[in-house]
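Here are a few notes from my pass through this one, jotted down in the order I'd talk them over. Have the viewer open while you read.

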Amino acid sequence: APLAGVIGMPIAHSRSPRLHGHWLARYNLPGHYVPLPVQPEHLAEVLRILPRAGFVGVNVTIPHKEAVLTLADTVTDRAALIGAANTLIFRPDGKIHADNTDGYGFIANLRQAAPDWQPDTAPAAVIGAGGAARAVVASLLETGVRELRIANRTRLRAEQIKAEFGARVVVYEWAQVGNMLEGAATVVNATSLGMEGKQPLRVPLDALLPGALVTDLVYTPLMTPFLVEAQARGCRVVDGLGMLLHQAAPGFERWFGHRPEVDDETRRIVL
Ligand code: ATR
């Protein structure tokens, strides 16, 4: 039976084993998916050994998402652009192929939750410029967003994203983040604010169009204070859990041979 897993440190909190385990059972497929706690200094060694122990690939999470790029034999364009990988395929010839499906998961979640969402009709506004924001920016630009506004507490990180992703990216001051929402069709919280135990994201929403689609990468809680406020203004809101589920689908399909569905049952299993 094919083996797969998720490499990280710490890894006990990861929801991926439950998700993949659920899909394996649902589709009655042979295989196992396990959490793999790996220290950074052991990452290269572990990646060399796993294919020899029956592993067909792994997901990668903090703190290894950047480091695996230098250890992979081939890297997809999108993973290279984002500067991180979350999905590794161990090929029969021994080569390691690295991809990043976070942006795919982000877009697939929005398309499923809001089938009539039209990202290319008006600007998108991304709040935050960390690792997660990079995948969001890449995927929004790929869907044809013509203007992508971004603001980050540390402005330099937003400037770096503009430098790498190009002319459609417009950097806003963190203090002006409310202005960034004016006329936007899509608004994303890609900061960690709003997570349980952290401060909420505080953004003046006066400029927000009621027709805007507002989403949050934070999914603990599912309805962040930011989403609650946007919903109260009549916006369509999409929580961040679906991104986690959808980003897992391409890896599962490659490793276990069946395209898994993301539905309410999947959400319940992972919560
Ligand atoms: P991730 O990979 O989850 O994006 P990250 O790279 O650490 O994690 O990025 C976290 C994001 O949340 C960043 O945009 C960060 O802003 P900075 O780049 O200025 O650090 C943002 N963030 C975290 N805490 C914040 C706070 N208290 N106020 C504003 N932004 C915050």
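Helices here are DSSP runs of H or I with at least four residues, numbered from the N terminus.

1. First, keep in mind that this is a predicted model. The protein has 10 helices and 12 strands.

2. On overall shape: for 271 residues, a compact globule would come out with a radius of gyration near 18 Å, and the protein has 19 Å, so the two agree. The C-alpha trace spans about 55 × 40 × 35 Å along the principal axes.

3. As for the interior, 45% of the 271 residues count as buried. Taking contacts between residues at least 6 apart in sequence, 63% join residues at least 24 apart.

4. Now have a look at helix α8, residues 225-232. Which of its residues are buried? Phe226, Leu227 and Ala230 are. Looking down the axis of α8, the buried residues fall within an arc of 95 degrees, so they line one face of the helix.

5. Then the ligand. It is surrounded by 14 residues, and the closest are Gly130, Gly131, Arg153, Thr154 and Thr191. Helix α6 (residues 131-142) gives the largest share of that shell, with 3 residues.

How values were computed
Residues numbered from 1 in each chain as written. Predicted model: local features only at pLDDT ≥ 70, side-chain atom pairs only at ≥ 80, totals over all residues. Near = placed C-beta within 6 Å. Helix = DSSP H or I, 4+ residues; strand = E, 2+ residues; numbered from the N terminus. Buried ≥ 20, exposed ≤ 12 C-beta atoms within 10 Å, placed from the backbone. Arc of directions from axis to C-beta. Rg over C-alpha atoms; globule rule 2.2 N^0.38 Å. Contact = placed C-beta atoms within 7 Å.
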